[in-house]
Amino acid sequence: MAMSLASSKGTRRGRGRSRRPMSEINVTPFVDVMLVLLIIFMVTAPLLTAGVPIELPDSRANALPQEAQQVSISIDSDGYVYIDDTQIAVGGLPNALENIPRQGEGPDITLRADRSLDYGRVMAVMGELNRAGLNRISLVTNGGQASAPVNPGSSSEE
């Protein structure tokens, strides 16, 4: 038995051939990580568009394409105004609108308002937007859902 160990140590043929450097890259772990990241981004991307919880009204209108230069203004059920996710102090909306960066025709404004708000509150915010020169306003609703029927007559006929 001792002779067989000594003879196997002395030969270099078997050892030299099994220790070649690999010339191929194993991409399987890279693909696995990329697929996991893709799934994470697909799940979290819709959650990032609106940070203020608002119960939007329903509408049958088609969705508008997302623009690169876009600012989201939200009004929650208590009447507080948010620019993107930042709450604006009471009376501070005109100053906050002046600080919005503008390029070309200005940013597209998406206005999200809670359905329980008074119409006058939404119109007051739209008036401030107009006064600040931000006239490209889109109103956001829950799209594709059945809304309340529109009554062609006046409200006194009911």
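**A pocket and the helix beside it**

Let's start at the second largest pocket, which has 14 lining residues, with Pro-57, Ala-113, Asp-114, Tyr-119 and Val-122 lying nearest its centre. A pocket here is an open set of points on a 1 Å grid over the protein atoms alone, where a 1.4 Å probe fits, with protein on both sides within 12 Å along at least five of seven lines; lining residues have an atom within 4 Å of a point. Strand 5 (108-113) and helix 5 (119-131) are the elements that each give two or more residues to this lining. Helix 5 supplies the largest share, four residues. By type, the lining has ten nonpolar, one polar and three charged residues.

This is a predicted model, where local features need pLDDT of at least 70 and side-chain atom pairs count only at pLDDT 80 or more, while totals for chains, interfaces and linings use all residues. Residues are numbered from 1 along each chain as its sequence is written, and side-chain values use heavy atoms, with hydrogens and water left out.

Now follow helix 5 itself. An α-helix has 3.6 residues a turn, so residues three or four places apart point the same way. After helix 5 comes Gly-133, with a positive phi near 85 degrees.

Notes: Ala, Val, Leu, Ile, Met, Phe, Trp, Tyr, Cys and Pro count as nonpolar, Asp, Glu, Lys and Arg as charged, and the others, Gly among them, as polar.
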